[in-house]
Amino acid sequence: MVSLNPVRVLKHEAEEERGEMARMSSIIGAIAIGDLVKSTLGPKGMDKILVAMGRNEGQVEITNDGATILRSLGIDNPAAKILVDMSRVQDDEVGDGTTSVTVFASELLREAEKLIDQKIHPQIIIAGWRDATNVAREALQNASLDNSQDAAKFKEDLLNIARTTLSSKILSQHKEHFANLAVEAVLRLKGSGSLSAIQIIKKSGGRLEDSFLDEGFLLDKKPGLHQPKRIENAKILIANTPMDTDKIKVFGSRVRVDSMAKIAELEVAEKEKMKDKVAKILKHNANVFINRQLIYNYPEQLFADAGVMAIEHADFDGIERLALVTGGEIVSTFDNPDLVKLGHCDLIEQIMIGEDTLLRFSGVKLGEACSIVIRGATQQILDEADRSLHDALCVLAATVRESRIVLGGGCSEMLMAGAVNAAAAKTPGKEAVAMEAFARALAQLPTTIADNAGYDSAQLVSELRAAHSQGKSTMGLDMDNGRIGCMRQLGITESFVVKRQVLMSASEAAEVILRVDNIIKAAPRKRVQDRGHC
């Protein structure tokens, strides 16, 4: 006889949520994440203060960047983690749209919750969403423009995209200045899109508008004592090698001596060993030596005697970028000078920024290399300005690779929503209801932008919907004046790549979450007494 008691197959402390409970748990977690970052969306969005705990306890970040906010959260809900990962991918892929993609995905799931309450199966909702995504992507593609054949128009497009991207950041008051910096830096890349050739240096002091672009590579280091401070036609050896007196690095070893004379002999032997190493380095015929690690006093003195500029403790990111822009390679051994590729530049000199002295490498082999120096009153302002400028550079680099642009200010979202509604009207079956829900979720993005600016979103969005239904497909939200306006005349444009990524990522993430009907949490690993020997 079969027992009717439920059979438990999981371990005692493992947890399981099934069916409707699992689905609701996922949807509620995702909606909570969307509501958390929703207030940061748009040009009038608010900022969040993030206070670190643990190792960096007390460290404060002020930001409205969706990816940064979500990355800092300790999240337990599995569906919420999917949205966090999605925003991170959005940030890595195109650099902007991290808040939009999270809010859109959460609004899709909010609409899905209402449809599930009406007894519509998740698979039918997903089928409707897929049809709606295809219609929306096609409408977005048809509305996009490409001015890449006209250099002047394309540069103006890039400036407009940079202004639009920066208008929702801390740099919004200085967006004209920073838009010019970002566009000039990206155009120097000559279409390569390699942002590693652009270095961003943060220096506290001054004002944000004091930030500038330097056509060269800047290294925040100083040469050693009594070494040349300016070198023309520099031949640069870049290394990652210990330049301290070699120690016996065997754990637990000891050296026993029976007199002070023996200690002096050891010191002399160490000095001779270091002298030989410096002699090997000098055989490379380089007049600049840059090391990832410290350079102690004795080798520094030897380099000074040889008239070589030696720079120590250049951080790993710094020497990686330096090797890229000067055309050199990083070496650790010096036995084969003929096989080592030296870096080259026309001039190395010291410059002053505020109260700090930096080294400028001019005329580097990678001609597009440049440095942007950000000035600001506090470290928090510098960090947020760095994030904002990095987002703008990523969007511009993506636009240079794929040059189509679309209109911003909620115009593209309303255009896609209109196309999806029109397709839904021609679609038989319950999928049409899901497509209408998809269109409502799209319309929530301009609604949120208007709400965050303190305007009457119901009035503005209804005016915008009416304008689009009358064929005025360039109309969007003018948040400076609190009304609808022509986005093309106002110069509010965005990258087609960013908008497409937001649409595809959000719909895919929402679909993944909606498919869930079971959540199983593994039992925690039991802690047992450690019986191992030290």
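Is D91 buried or exposed? D91 counts as buried, at 11% relative accessibility. The model described here is predicted.

**D91 and its surroundings**
- D91 sits in helix 3, which runs over residues 78-93.
- With a relative accessibility of 11%, D91 falls under the 20% limit for a buried residue.
- A polar contact of 3.5 Å joins the side chain of D91 to the side chain of R71.
- Leaving out residues up to four places away in sequence, D91 touches A67, R71, T98 and D391.

**Cysteines**
- A disulfide is a covalent bond between the sulfur atoms of two cysteines.
- Searching the whole structure turns up zero disulfides.
- For C345, the closest cysteine sulfur is that of C370, and because the distance is 16 Å, it is too far for a bond.
- For C394, the closest cysteine sulfur is also in C370, at 14 Å, which is too far for a bond.
- The cut-off for a disulfide is a pair of cysteine sulfur atoms within 2.5 Å.
- C345 is buried, with 4% relative accessible area.
- C394 counts as buried too, at 12% relative accessibility.

**Domains**
- Domain 1 is made up of residues 15-146, 407-446 and 497-521.
- Domain 2 covers residues 217-366.
- The C-alpha centres of domain 1 and domain 2 are 51 Å apart.

Notes:
Residues are numbered from 1 along each chain as its sequence is written. This is a predicted model: local features need pLDDT of at least 70, side-chain atom pairs count only at pLDDT 80 or more; totals for chains, interfaces and linings use all residues. Side-chain values use heavy atoms; hydrogens and water are left out. Buried means under 20% relative accessible area, exposed over 50%, partly exposed in between (1.4 Å probe, protein chains only). Domain bounds come from an automatic or database domain assignment. Helices (H or I, at least four residues) and strands (E, at least two) are DSSP runs, numbered from the N terminus. A polar contact is a pair of N or O atoms within 3.5 Å; within protein, one must be able to donate a hydrogen and the other to accept it, and residues adjacent in sequence count only if both atoms are side-chain atoms. Contact means heavy atoms within 4.5 Å.
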